[in-house]
Amino acid sequence: MAFSIQRARSVGSSVLASTLRGWRGSSASRSVQQPPLLPELFDREGCAHCRFVREALTELNLDVRIVPIPLGGTRFRTRLMEVSGSDQVPFLVDPNTGTQLGGSDQIVQYLFSQYGNKSAPAQLRATGPNVLKSKLATVVRGSRGLEVRPSKPVDQDLTLYSFESSPYSRLVRERLCELEIPHKLVNIGKQQRADVGPATFRLHLGEYKPLPNTKRASMLAEVGNVQVPYLIDPNADVKMFESDDILQYLNQNYAL
Ligand SMILES: N[C@@H](CCC(=O)N[C@@H](CS)C(=O)NCC(=O)O)C(=O)O
């Protein structure tokens, strides 16, 4: 019973975090093309400014490699210092254009002009009110996804299917950050009305059909379901749904 109350609180506070940010990072563009090489984002899940970049990535329908830089973490800090000359996050490395950028406003604007052919929406800019709401989102999550937890390094990157505002996916992203586990972040935001709602209770009658030729359509064909979070761990040949199971899996296999 105590456990399920804890779980309800965790999901509830994650819903509140998304609400504070006005559910930015829910819908995804239908048209943006993924560049051939995976951009890298040095990221801290609980960092207010990193959140704007991840919201932009979902809205632009872009996948990236997440390099987690939790406070107190050392695994990727040297690499971040080498590429950026500082330990500040967010920091983006885009090998497709040779771009290396720090600062959420600069990164968000770059992503929208390079991959969206438009200006970034005002709600993703680091204005005082937006930063305050993003910081509050971290506060309501009890500052999860900010500080390092001791962990074993992984040989190969994991893959996480997610979208930024997904309350269940946030729980997993926080843990991946705390455990300094690098991963490919596959963003599958909502592209049509039928995508809205939990996988088991969509706001849509009849069989669920993602838009053709999308990541959602590929996921349905390959995995048989479109639901996030979905974790792939090539180190153990594991593929799994359900945030609670994924958290337990990460704790058992990578936390020290
Ligand atoms: N019990 C699942 C719930 C997962 C869930 O409902 N995820 C939502 C997003 S928060 C989803 O996949 N919705 C369907 C969709 O986006 O197409 C868990 O804890 O992982």
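Guide: Here is a short tour, with each label set against its rule.

Guide: First, this is a predicted model: local features need pLDDT of at least 70, side-chain atom pairs count only at pLDDT 80 or more, and totals for chains, interfaces and linings use all residues. Residues are numbered from 1 along each chain as its sequence is written, and side-chain values use heavy atoms, with hydrogens and water left out.

Visitor: What makes α6 roughly parallel to α8?

Guide: Helix α6 (residues 167-178) and helix α8 (residues 243-254) pack at an angle of about 10 degrees, and their axes are 9 Å apart. Angles under 35 degrees count as roughly parallel, over 145 as roughly antiparallel, 65 to 115 as roughly perpendicular and the rest as oblique, so α6 is roughly parallel to α8. The axes are lines fitted to C-alpha atoms, for helices over the stretch in contact, and angles run from 0 to 180 degrees between N-to-C directions. Helices (H or I, at least four residues) and strands (E, at least two) are DSSP runs, numbered from the N terminus.

Visitor: Which residues of α6 and α8 make the contact?

Guide: On α6 they are Tyr168, Leu171, Val172, Arg175 and Leu176, and on α8 they are Ser243, Ile246, Leu247, Leu250 and Asn251. Contact means heavy atoms within 4.5 Å.

Visitor: Why is Glu180 called buried, but Glu242 partly exposed?

Guide: Buried means under 20% relative accessible area, exposed over 50%, and partly exposed in between (1.4 Å probe, protein chains only). Glu180 has 5%, so Glu180 is buried; Glu242 has 40%, so Glu242 counts as partly exposed. Glu180 has a positive phi of about 55 degrees although it is not a glycine, and is found in the loop between α6 and β6 (183-187). Glu242 has a positive phi too, of about 75 degrees, and is not a glycine either; its place is the loop between β8 (238-241) and α8.

Visitor: What makes β4 and β8 the edge strands?

Guide: Each of them, β4 (99-102) and β8, pairs on one side only. Two strands pair if DSSP finds at least two bridges between them. The open sheet has eight strands, in the order β4-β3-β1-β2-β6-β5-β7-β8, with mixed pairing.

Visitor: How do you know that β5 pairs with β7?

Guide: Three bridges join β5 (residues 158-162) to β7, and at least two are needed, so they pair. The two strands run antiparallel, and Thr159 stands opposite Ile232 in β7.

Visitor: Why is the pair of Tyr161 and Tyr230 called edge-to-face?

Guide: Rings of Phe, Tyr and Trp (its six-membered ring) pair if their centres lie within 6.5 Å; planes under 30 degrees apart count as stacked, over 60 as edge-to-face and the rest as tilted. Here the centres are 5.5 Å apart with 65 degrees between the planes, so Tyr161 and Tyr230 are an edge-to-face pair. Tyr161 lies in β5 and Tyr230 in β7, so the pair ties together parts that are 69 residues apart in sequence. Both are buried: Tyr161 has a relative accessible area of 13% and Tyr230 has 5%. Together with Phe241, Tyr161 and Tyr230 form one aromatic cluster.

Visitor: Where does the cis bond at Pro90 sit, and what is its omega?

Guide: The peptide bond from Val89 to Pro90 is cis, with omega near 0 degrees, and Pro90 lies in the loop between α3 (77-84) and β3 (91-94).
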